[in-house]
Amino acid sequence: MNIKNAQLDVDNWIKEHGVRYFNELTNMAQLTEEVGEVARIIARRYGEQSEKESDKSKDLGEELADVMFVVLCLANQTGIDLQQAFDKKLDLKTKRDHDRHHNNKKLK
């Protein structure tokens, strides 16, 4: 599945199962909440914080998918072709950072 298809799938889901998109500010708040859930899992599972018993069953993939869903909603409701924007960003990063990370002694 490419990003364009994912945007269409989300739009179809909203039309079929949702009443409408939440407004952009509500979706921004939801995105912040979902990113916080991802951060909590990563901080406890891969960071130095101890993982609470109640967090051990949390699925990182599911939380990342929640983030993607809200990002796709925001792209749809603001008229962004996220596939085009992503391709442009990847091209820019490729040109800008082609040798940058290879020469970073911290990554050796």
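Guide: Lys-95 is exposed, with a relative accessible area of 62%; the cut-off for that word is over 50%. This is a predicted model, and every value here is computed from it. The side chain of Lys-95 meets that of Asp-91 in a salt bridge, with 3.0 Å from N to O. Asp-91 is partly exposed, at a relative accessible area of 38%. Both residues belong to helix H4, which covers residues 82–96. Asp-91 and Lys-95 are four residues apart there, about one turn of the helix.

A further salt bridge joins the side chains of Asp-97 and Arg-100, at 3.2 Å from N to O. Asp-97 has a relative accessibility of 9% and therefore counts as buried, the limit being under 20%. Asp-97 and Arg-100 are also part of a network of salt bridges, in which they are linked with Lys-93 and Arg-96.

In total the structure holds ten salt bridges. One of them pairs Arg-44 with Asp-55, and the closest N and O atoms are 3.5 Å apart. Arg-44 lies in helix H2 and Asp-55 in the loop between H2 and H3, so this pair ties together parts that are eleven residues apart in sequence. Arg-44 and Asp-55 are both buried.

Helix H2 runs over residues 24–45 and helix H3 over residues 60–77. The two pack at an angle of about 160°, and their axes are 9 Å apart. Angles over 145 degrees count as roughly antiparallel, so H2 and H3 are roughly antiparallel to each other. Their crossing is left-handed.

On the H2 side they include Met-28, Leu-31, Val-35, Val-38, Ile-41 and Ile-42, along with Glu-24, Glu-34, Glu-37 and Arg-45. By class, the contact of H2 with H3 has 13 nonpolar, three polar and six charged residues.

Key. Residues numbered from 1 in each chain as written. Predicted model: local features only at pLDDT ≥ 70, side-chain atom pairs only at ≥ 80, totals over all residues. Heavy atoms only, no water. Axes fitted to C-alpha atoms, helices over the stretch in contact; angles between N-to-C directions. Parallel < 35°, antiparallel > 145°, perpendicular 65-115°, else oblique. Left-handed = near helix turned anticlockwise from the far one by under 90°. Contact = heavy atoms within 4.5 Å. Nonpolar A, V, L, I, M, F, W, Y, C, P; charged D, E, K, R; others polar. Salt bridge = Lys/Arg side-chain N within 4 Å of Asp/Glu carboxyl O. Buried < 20%, exposed > 50% of the residue type's maximum accessible area, 1.4 Å probe, protein only.
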